Structures are given as structure tokens and as C-alpha cells.
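Okay, thanks everyone for coming. I've got one structure to walk you through today, so let me put it on the screen.

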Amino acid sequence: QVQLVESGGGLVQAGGSLRLSCAASGNTLNLHTLGWYRQTPGNLRELLADISKGPTTRYADSVKGRFTISGDVARNIVYLQMDDLKPEDTAVYYCKAAVITSSLLFLDFWGQGTQVTVSS
């Protein structure tokens with residue numbers, strides 16, 4: 001099991017910035033990827049960005065140029081710097097850890113989520 005603790009959400013005005021943090025603990029020996037997702041009511045959880053051992057990063061087109069993922073999978077920590085926030089960024093933001101198993105399958109673990117609200 002992997003436990004994830006997120007922090008850094010809150011209320012911000014449009015154009016402002018927030019930085020989310022996520023720390024993983026527990027059975028992190030085979031931790032492969034840490035990522036950020038968000039979800040709004042009635043919608044599926046969407047990938048925003050993730051970082052894998054290497055390190056390699058990837059971003060959703062919707063946040064490229066505004067959000068920056070950083071951190072170190074080997075140190076079990078990931079951040080999401082969010083700049084130029086828009087009201088449509090309002091959502092619950094989740095951290096996800098992907099652990100690779102001995103069968104080369106991925107197991108996903110999720111944090112509890114942190115609310116980000118952007119006012120216009």
C-alpha cells in the first residue's frame with residue numbers, strides 16, 4: 001500500500017497561482033510515476049501532468065504552459081505549480097502514485113484530493 005498526502009489547495013483569484021504538494025509513503029520501493037489529476041462534478045478524472053523515473057514528464061494540452069510538475073519519484077514527492085489560474089480550473093485535485101509490480105503491471109493509489117477554487 002502507498003499513502004499519499006496532498007496539500008496546497010485553496011481559493012485564489014483568476015490569474016493567481018497555487019502550488020500543490022504530494023508526499024508518498026508506505027511501500028514506495030517500486031514507485032514508478034507520480035501524477036496530478038483533477039475532477040469536477042459529473043466528469044471523469046482527467047490527467048494534468050505526471051512525472052516518472054528518468055525523469056520524464058508529460059502534460060495535458062489544457063495545462064501546458066500554465067502548470068509545471070516537478071519533484072523526484074525516488075524521494076516520493078511531487079509538486080504542481082499552477083499559474084495563471086482560470087475559473088475553469090476549479091476542481092478537486094488528486095495525486096496518484098503508480099507502482100510497478102513483479103508482473104510488470106501497474107497498481108494505482110490515490111490521495112484524498114484537495115479543493116482548488118478559482119474566483120472570477
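**The cysteine pair and what surrounds it**

Let's start on the inside: Cys-22 and Cys-95 are both buried. Keep in mind that this is a predicted model. So what links these two residues? A disulfide joins Cys-22 to Cys-95, with the sulfurs 2.1 Å apart. Cys-22 sits in strand β3, residues 18–26, and Cys-95 sits in strand β9, residues 91–100, so the bond ties together parts that are 73 residues apart in sequence. If you like handedness, the torsion about the S-S bond is about -80°, so this disulfide is left-handed.

Okay, zooming out. What is the secondary structure of the chain made of?

Now the overall dimensions. For 120 residues, a compact globule would have a radius of gyration near 14 Å, and the chain has 14 Å, so the two agree. The C-alpha trace spans about 50 × 25 × 20 Å along its principal axes. Of those 120 residues, 41% count as buried. On contacts, take the ones between residues at least 6 apart in sequence: 53% of them join residues at least 24 apart.

As for the surface, the accessible area comes to about 6400 Å², and carbon and sulfur atoms account for 51% of that. There are 10 positive and 10 negative charges, and their mean positions are 4 Å apart.

Where is the cis peptide bond? Look at the step from Gly-54 to Pro-55, where omega is near -5°. Pro-55 is in the loop between β5 (46–52) and β6 (56–59).

Is Asn-76 buried or exposed? Its relative accessibility is 17%, so Asn-76 counts as buried. Asp-84 has a positive phi too, near 50°, and you'll find Asp-84 in the loop between β8 and β9. With a relative accessible area of 38%, Asp-84 is partly exposed.

That's my tour, so over to you for questions.

Key:
Residues are numbered from 1 along each chain as its sequence is written. This is a predicted model: local features need pLDDT of at least 70, side-chain atom pairs count only at pLDDT 80 or more; totals for chains, interfaces and linings use all residues. Side-chain values use heavy atoms; hydrogens and water are left out. The radius of gyration is taken over C-alpha atoms; the globule rule is 2.2 Å times the number of residues to the power 0.38. Buried means under 20% relative accessible area, exposed over 50%, partly exposed in between (1.4 Å probe, protein chains only). Contact means heavy atoms within 4.5 Å. Accessible areas come from the Shrake-Rupley method with a 1.4 Å probe; for residues, only the protein chains shown count as cover. Lys and Arg count as positive and Asp and Glu as negative; His and the chain ends are not counted. The place of a charge is taken as NZ of Lys, CZ of Arg, CG of Asp or CD of Glu. A disulfide is a pair of cysteine sulfur atoms within 2.5 Å. Helices (H or I, at least four residues) and strands (E, at least two) are DSSP runs, numbered from the N terminus.
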